[in-house]
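Dear colleague,

I am handing over a structure for you to look at, and my notes on it follow directly below.

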Amino acid sequence: MSIIVNNFEKMNITKIIQSKNKKKLTVITAYDALFAKLFSQSVDMILVGDSLNMSFMGETDTLSSTLDQMIYHTKAVCNGAKNSFIITDMPFGTYINKDEALRNCTKVYQQTLASAVKIEGGEDRADIIKHLTSNAIAVMGHIGLMPQYVRSEGGYKVRGKTKEDAEQLIRDAIAVEKAGAFAIVVEGVMSDVAKKITEAVNIPTIGIGAGIDTDGQVLVWSDMLGFFEEFKPKFVRHYLDGANIIKNAVNKYKEDVKNKAFPSKEEEY
Ligand code: KIV
């Protein structure tokens, strides 16, 4: 017998902030209505991550993701998960200064039902986050390993390995909180440093590859459900053998068609 655990409670900014030190927050990415609907009854927030550019578009990084692409996928996710708290990742190059950021985030708010946007960057982006939150845009920060910095950093590098970097990350988190963000994604950070970051701020930290002590966790859905076969990062746990389940099902369909076992009499008009 399978049991479906349904802990759905519609989230808002206040509830998210208040959950700090009370309950762990769950976040998963989604890019379309079908899967967003399936995920929406279980998780606290859904992130329309620009990771879609890699996992669904097949690109090698997130940098070529566009605002129109994010708006299209956010609309789909909002259609599927009508009662969920949905965050749209702002793509690379769409928040290079305060005016651009506000113009582009306003476009997301006007064209979709997204509840919030996500911006990568710490102290360096605090003035932009402040400008957005002062103009009624809800912002989730993203510090640590920031995929949009992959070329300028020379790769995807785990952060917080030195005392200096750990201190910088704490300063980043505090700056993002002061700028008015309601939560911060902490990605690819040494777990002891992620713990210190979590203790240093009053808003929830949502970890990915940052250990157990953050206030919540986020995973890319195609990683978590085992659909992405090329590579499994150390921090990912597969909750399903998605790729093999799909391949076996499609093979079975192919065999049934070839053997004239599909469609049956019951499946025809
Ligand atoms: O784009 C994305 O999916 C993300 C998560 C990995 C946090 O930013």
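The shell around the ligand divides into 4 nonpolar, 4 polar and 3 charged residues, where Ala, Val, Leu, Ile, Met, Phe, Trp, Tyr, Cys and Pro count as nonpolar, Asp, Glu, Lys and Arg as charged, and the others, Gly among them, as polar. Its members are T29, L47, G49, D50, S51, D89, K118, H142, V185, I208 and V220, and a residue belongs there if one of its heavy atoms lies within 4 Å of the ligand.

Please keep in mind that this is a predicted model, in which local features need pLDDT of at least 70 and side-chain atom pairs count only at pLDDT 80 or more, while totals for chains, interfaces and linings use all residues. Residues are numbered from 1 along each chain as its sequence is written, and side-chain values use heavy atoms, with hydrogens and water left out.

Oxygen atoms of the ligand make polar contacts (pairs of N or O atoms within 3.5 Å) with three of these side chains: the distance is 2.6 Å for S51, 3.0 Å for D89 and 3.1 Å for D50. Taken alone the ligand exposes 260 Å², of which the protein buries 96%, by the Shrake-Rupley method with a 1.4 Å probe.

As for the chain as a whole, its secondary structure comes to 11 helices and 8 strands, these being DSSP runs (H or I over at least four residues for helices, E over at least two for strands) numbered from the N terminus. The C-alpha trace spans about 65 × 40 × 40 Å along its principal axes.

Two backbone details deserve a look, because most residues other than glycine have a negative phi, and most peptide bonds are trans. A136, in the loop between α6 (126–134) and β5 (139–144), has a positive phi of about 70°. The peptide bond from F262 to P263 is cis, with omega near -5°, and P263 lies in the segment after α11 (242–258).

Best regards

How values were computed
Polar contact = N/O pair within 3.5 Å; in protein donor to acceptor, adjacent residues only side chain to side chain.
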